[in-house]
Amino acid sequence: MLFRSDFEANASVLDTVIKRYPVSGICQPVVRLSERIAGTKKPRADDIASVAIVMNPFEMRYPGTLNMGPVFKSFSDVLMSAAYCCTSVLACGRFEFKDLFALNHAARNRLISVTQVRDDAALPTLSCRIEITMKDGSKIVESLIDGGKELAIDSSTIDAWALDLWKEAGRTESQYRNFRDAVETLQI
C-alpha cells in the first residue's frame, strides 16, 4: 500500500468529525438549539403558533435545507430539512431518531406547516436562531453561535452523548455503565 509522504495516519482519525445527531451537518446546530429550547423553555407543540429558523445564507440554501414537505419522499429529504429537524424536536420534546421515520406525526407536521426558514447574513456558519411565537403572543427567541464548539464531541462530552444513544436504543443506564466500565478496563 502506498502512502503520501505528508499523510499522517493518526491525524486522519483525530481530524474526523463525528456528528452528534444523525442529520445533515448543516442541521446539527438547528437540532442542538431546538433541544435546548425544548429542555429549558418546554413549549407545548399545541401552543406554538409559528416557528422561524434563521440560518447563515449559504447553509440555508444548501440543497434540501429548505425542504418543507408536506411529502418527504426519502430519508435524505428528512435529515436535510431544517424545518423537519427543528419541529421534530419541538414536537417530541427532544431529539428522537425514530421520529425521522414517523412521517405521520400530526404535531410535528402541523409545526412544519407554520415554520419558515430564512437567512441572516450576520450569522456565521454552524449558527442559527430559532424564533417561536406562541398562540398567546409570547415569544421564545434563542441563538446558537458557532455551534461547532457546542456540538463537538470530546472526552468531556462523550459519556453523556453515548448514554443518550444507549437509552434511545432501549437500553438502561445501568447496562450502559456496565458496558462502559468493561471498555475502560480493556488492555490495549
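Predicted model: local features only at pLDDT ≥ 70, side-chain atom pairs only at ≥ 80, totals over all residues.
Contact here means heavy atoms within 4.5 Å. The buried residues of H2 pack against quite a list of elements: strand E1 (48–55), helix H5 (82–92), strand E3 (128–134), strand E4 (139–144) and helix H7 (147–151). The residues in question are Gln28, Pro29, Val30, Val31, Leu33, Ser34, Ile37 and Ala38. After the helix comes Lys42, with a positive phi near 50 degrees.

Next, the sheet. Four strands make up an open sheet in the order E2-E1-E3-E4, and the pairing is mixed. Strand E2 (115–119) and E4 sit at the edges, each pairing on one side only. From one strand to the next, the twist averages 15 degrees. Helix H5 packs on this sheet and touches E1, E2 and E3, with its direction at about 135 degrees to that of E1. E3 and E4 run antiparallel and are joined by six bridges; across this pair, Glu131 stands opposite Val141 in E4.

Glu131 also turns up in a side-chain pairing: a polar contact of 2.8 Å links it to Arg129. Beyond its neighbours within four places in sequence, Arg129 is in contact with Leu33, Ala52, Ile53, Val54, Asp120, Leu123, Val141, Glu142 and Ser143. Among these, Leu33 is one of the buried residues of H2, and Val141 is the residue that stands opposite Glu131.

That leaves the cysteines. The disulfide count comes to zero. Cys86 is in no disulfide, and the nearest cysteine sulfur, in Cys128, lies 8.1 Å away. Seen from the other end, the sulfur of Cys128 has that of Cys86 as its closest cysteine partner, but at 8.1 Å the gap is too far for a bond, since a disulfide calls for sulfur atoms within 2.5 Å. Both side chains are tucked away by the accessibility figures: Cys86 is buried, with a relative accessible area of 0%, and Cys128 is buried at 1%.

Note on methods: Residues numbered from 1 in each chain as written. Heavy atoms only, no water. Buried < 20%, exposed > 50% of the residue type's maximum accessible area, 1.4 Å probe, protein only. Helix = DSSP H or I, 4+ residues; strand = E, 2+ residues; numbered from the N terminus. Polar contact = N/O pair within 3.5 Å; in protein donor to acceptor, adjacent residues only side chain to side chain. Pairing = 2+ DSSP bridges. Axes fitted to C-alpha atoms, helices over the stretch in contact; angles between N-to-C directions.
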